[in-house]
Amino acid sequence: MQEQHTIELAPGLRIPAIGLGTWPLTGEEAADAVARALGNGYRHVDTAANYGNEQAVGEGIARAGVGREALWVTSKFNKEDHSRDGVAAAYERACELMGLDYLDLYLVHWPNPQQGAFVEACHGLEELVQAGKLRAWGVSNFKPAHLQAVYDAGLRPALNQVQVDPEHLQRGQLQAHAQRQLVTAAYSPLGRAGDFLSHPAITAPAEQYGKTPAQVVLRWHLDSERIAVPKSASDVRQRENLDVFDFSLTGQQLAAIDALDTGAGPRLDADFFGH
């Protein structure tokens with residue numbers, strides 16, 4: 001297995017930069033995909049309470065037989081748990097469902113600003129880390145204004161997981177992360193329609209390096225110091241997604257892919273959507 005790229009979240013704490021996204025897999029399909037992914041070399045698995053597959057993900061981890069200390073497991077919780085006690089209960093429930101003693105990263109899945117409790121949820125996450133129960137905490141789908149409220153409360157998330165792909169670069173969002181030295185994780189990192197995969201900005205380096213267009217896009221994320229969590233239940237795609245550590249894109253190639261950005265925001269607006 002190739003040496004995998006990792007990104008530092010905190011001193012001595014590094015996260016594998018390519019993770020396995022598991023939505024919308026459930027049941028046996030999810031368990032099988034996770035077990036095969038770990039067999040294919042993945043060491044980072046991403047799930048969420050809202051995916052309805054935490055138990056299946058845990059089953060897949062158990063089947064794979066990889067030592068727990070070699071794995072990175074991320075999950076997320078919903079708005080009904082946006083309180084200190086709620087976060088603690090959700091965390092225990094997630095660990096129990098997955099059959100794990102701890103998680104490496106736990107995220108507020110959506111800020112749900114109308115509810116006005118996401119900062120309290122972040123306090124709950126910080127308490128879990130301080131108690132030694134959780135390795136790191138972060139947020140997901142938090143816009144710059146939501147992040148500012150968290151930082152104003154004296155809290156420092158390790159990561160924000162947001163939608164990023166070549167056509168949805170979210171430059172303002174990424175700039176807010178850079179200003180705070182906040183790590184970005186990209187969900188749907190290969191997009192949904194995938195139309196940009198046929199653009200010369202991507203196909204030309206794919207031909208040059210002997211890679212697929214999807215591999216070039218994943219390398220674009222890595223060279224931009226982002227974590228990427230593509231979903232795949234295919235052995236071929238799983239292996240391809242990890243075969244991106246033996247080449248790098250040039251600055252000119254990165255800029256050409258950046259230029260595919262349409263300026264469109266994320267598919268779902270976190271000021272109005274959440275669960």
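Predicted model: local features only at pLDDT ≥ 70, side-chain atom pairs only at ≥ 80, totals over all residues.
1. A residue counts as buried when its relative accessible area is under 20%, as exposed when it is over 50%, and as partly exposed in between. Lys211, with a relative accessible area of 11%, is therefore buried.

2. Lys211 has a charged partner. Its salt bridge is with Asp243, and the closest N and O atoms of the two are 3.3 Å apart. Lys211 sits in the loop between α7 (200-209) and α8 (213-223), while Asp243 sits in the loop between α9 (235-242) and α10, so the bridge ties together parts that are 32 residues apart in sequence. Asp243 is partly exposed, its relative accessible area being 27%, whereas Lys211 is buried.

3. Side chains of opposite charge can pair when their charged atoms come close. The structure holds 16 salt bridges in total. One of them joins Asp46 to Lys76, with 2.6 Å between the closest N and O atoms. Since Asp46 belongs to strand β4 (residues 44-46) and Lys76 to strand β5 (residues 72-77), the pair ties together parts that are 30 residues apart in sequence. Both ends are buried: Asp46 has a relative accessible area of 3%, and Lys76 has one of 0%.

4. Asp269 and Lys143 also meet in a salt bridge through their side chains, at 2.7 Å from N to O. Asp269 is found in the segment after α10 (251-258) and Lys143 in the loop between β7 (136-140) and α5 (144-152), so this contact ties together parts that are 126 residues apart in sequence. Here both residues count as partly exposed, Asp269 at 31% relative accessibility and Lys143 at 27%.

5. Some charged side chains are joined in a group. Glu28, Glu59 and Arg63 are linked in a network of salt bridges.

6. Which peptide bond is cis? The bond from Trp23 to Pro24 is cis, with omega near 5 degrees. Pro24 lies in the loop between β3 (20-21) and α1 (27-39).

7. Asn141 is not a glycine, yet its phi is positive, near 65 degrees. Asn141 is placed in the loop between β7 and α5 and is buried, with a relative accessible area of 7%. Gln181, likewise not a glycine, has a positive phi of about 55 degrees. Gln181 is in the loop between α6 (171-179) and β9 (183-187). Is Gln181 buried or exposed? With a relative accessible area of 74%, Gln181 is exposed.

8. The largest pocket contains about 550 Å³ of space. Sorted by class, the lining has eleven nonpolar, ten polar and four charged residues.

9. How many aromatic pairs does the structure hold? There are five aromatic pairs. In one of them the ring centres of Phe77 and Tyr106 are 5.1 Å apart and the planes stand at 45 degrees, so the pair is tilted. Phe77 is in strand β5 and Tyr106 in strand β6 (residues 105-108), so the contact ties together parts that are 29 residues apart in sequence. Phe77 is buried at a relative accessible area of 0%, and Tyr106 counts as buried at 1%. Phe77 and Tyr106 form one aromatic cluster together with Tyr91.

10. The rings of Tyr209 and Phe247 have centres 5.2 Å apart and planes at 40 degrees, so this pair is tilted. The pair links distant parts of the chain, 38 residues apart, with Tyr209 in helix α7 and Phe247 in the loop between α9 and α10. Tyr209 is partly exposed, with a relative accessible area of 23%, while Phe247 counts as buried at 8% relative accessibility.

11. Arginines also lie over aromatic faces. Arg68 lies over the face of Tyr102, 4.0 Å from the ring centre. Arg226 is placed over the face of Trp220, at 4.5 Å from the ring centre.

Technical notes:
Residues numbered from 1 in each chain as written. Heavy atoms only, no water. Salt bridge = Lys/Arg side-chain N within 4 Å of Asp/Glu carboxyl O. Helix = DSSP H or I, 4+ residues; strand = E, 2+ residues; numbered from the N terminus. Buried < 20%, exposed > 50% of the residue type's maximum accessible area, 1.4 Å probe, protein only. 1 Å grid on protein atoms, 1.4 Å probe; cavity = no way out; pocket = protein on both sides within 12 Å on 5 of 7 lines; lining within 4 Å. Points joined across faces, edges and corners; volume = space filled by probe spheres on them. Nonpolar A, V, L, I, M, F, W, Y, C, P; charged D, E, K, R; others polar. Phe/Tyr/Trp six-rings, centres within 6.5 Å; stacked < 30°, edge-to-face > 60°. Lys NZ or Arg CZ within 6 Å of the ring centre and 35° of its normal.
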